[in-house]
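Hi everyone, thanks for making time.

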Amino acid sequence: MNFSANQITIRKPDDLHLHLRDGDMLANVIAHTTRIFSRAIVMPNLNPPITTLEQAIEYRKRIMQLIPQGISFTPLMTAYLTDDASVEVLEQGFDRGIFHAVKLYPVNVTTNSSYGVSDLKNIDSVLEMMERVGMPLLIHGEVNDPSVDIYDREAVFIDRHLSPLLTRFPGIKIVLEHITTDYAVSFVESSQQYKLASTITPHHLHINRNAMFLGGLRSDFYCLPVAKREKHRIALRKAATSGKKCFFLGTDSAPHPRDSKEASCACAGIFNAPFALESYAEVFYEENALDKLEAFASENGALFYGLPLNNEKITLIRKNVVVPYSIDICSDLGNNEKPLVPFHAGETLRWSVLD
Ligand code: DOR
Ligand code: ZN
């Protein structure tokens, strides 16, 4: 790493939690990720979800076909865990380098999670295999219990499910994805006798729960887990910029067609891919921690997944960039031709990627 007051050069980063979608949406969003990132852990919550090797291989091919010419980018595929997931299929997928991890969505917690796991007891044999072979388990850590307040669902998940799971499978590799609370930060930090890490999104570092209600109901800031109180955002910023190996970059960029966001029942998801690195850089700059950006963005995640560090470099310069109000689409999103709205729309960020 090389850095001065006006310029910072780091290894190319990886996005270790990304929704690339499929079809026209994939075609519209992929270049925003490949512009910056070397690799991405690709979420499997398509409809139908990615559960078989064939589906993952085909999906990977569709992604590869859309990578802009001359750009090197590796999509790392994941499997979607269901109640009746096959241990053999998952293990074979891992052995063959097709599945890099398994994603656990508790049923009905978020977008396309209706095929998710209804009871962790149903997946004991899968968890045993994953612990044995070192296959990472990626967790959307929220309970689906409607009696639990939405702002408490992450903490309750940790107490009810994650903590017992770690006791039963102490050797399993786990990423508690997109953490949103000081409770999760402390839990991860104090559980380092296990192989437990967390991704942190740009949006949870920038917004608190007020953003959804600023002057009206703002669905562009609605994601899951929802942003929490300010004290949690502060704890997340401290964790991300700490340099600790257990925290790394995962954008959770989750585009939805505009008519799914501008709806009386809007979808959860923030499309942050277009300015994700600039967004993280802004946080590290504000926290006086640009020297920790490379660890968070380009090293800790690769080390956790056992991937080689990227050798290519990327440079950010201290130059304002104005985030546009909308991102044009190049191919039709069904019956919706409206552009996508990026995270930070209309704002100015202070670090730009040098092209
Ligand atoms: O905000 C979110 N969007 N959270 C998720 O867990 C899923 C994602 C999506 O796929 O839209
Ligand atoms: Zn996600």
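This is a predicted model: local features need pLDDT of at least 70, side-chain atom pairs count only at pLDDT 80 or more; totals for chains, interfaces and linings use all residues.

The protein chain has 355 residues, and its secondary structure comes to eleven helices and 14 strands. How does the radius of gyration fit with a compact globule? A compact globule of this length would come out near 20 Å, and the chain has 19 Å, so the two agree.

Let's go to the metal. Which residues coordinate the zinc ion, ligand 2? They're H17 and H19, each through NE2, and D252 through OD, at 2.0 to 2.1 Å. In sequence, those donors follow the spacing H-x1-H-x232-D. So two parts of the chain that are distant get linked here: H17 is in strand β3, residues 14-18, while D252 is in the loop between β10 and α9, 235 residues apart. Are these two buried or exposed? H17 has 0% relative accessibility, so it counts as buried. D252 is buried as well, with a relative accessible area of 6%.

Next, helix α8, residues 230-240. Its buried residues are H232, R233, A235, L236, R237, A239 and A240. What covers them? The cover includes helices α6, α7, α10 and α11, along with strands β9 and β10.

One of those, α10, holds S279. S279 counts as buried because its relative accessibility is 1%, and the cut-off for buried is under 20%. Leaving out neighbours within four places in sequence, S279 is in contact with P202, H206, F343, H344 and L349.

Hold on to H344 for a second, since its backbone is worth a look. Most residues other than glycine have a negative phi, and most peptide bonds are trans. H344, though, has a positive phi, near 75 degrees. It sits in the loop between β12 and β13, and H344 is buried, at 3% relative accessible area. N288 also has a positive phi, about 55 degrees, and isn't a glycine. You'll find N288 in the loop between α10 and α11, and with a relative accessible area of 72%, N288 is exposed.

Now for peptide bonds. The one from N47 to P48 is cis, with omega near 0 degrees, and P48 is in the loop between β4 and α2. The bond from L224 to P225 is cis too, with omega near -5 degrees; P225 is in the loop between α7 and α8.

Last stop: D291, in the loop between α10 and α11. At 34% relative accessibility, D291 counts as partly exposed. Not counting residues up to four places away in sequence, D291 touches M1 and F3. D291 and F3 are 288 residues apart in sequence, but their C-alpha atoms are 7.4 Å apart in space.

How values were computed. Residues are numbered from 1 along each chain as its sequence is written. Chains are lettered from A and ligands numbered from 1 in the order in which they are written. Side-chain values use heavy atoms; hydrogens and water are left out. Helices (H or I, at least four residues) and strands (E, at least two) are DSSP runs, numbered from the N terminus. Buried means under 20% relative accessible area, exposed over 50%, partly exposed in between (1.4 Å probe, protein chains only). Contact means heavy atoms within 4.5 Å. Donors are N, O and S atoms within 2.8 Å of the metal (3.2 Å for Na, K and Ca); water is not among the atoms, so sites may look incomplete. The radius of gyration is taken over C-alpha atoms; the globule rule is 2.2 Å times the number of residues to the power 0.38.
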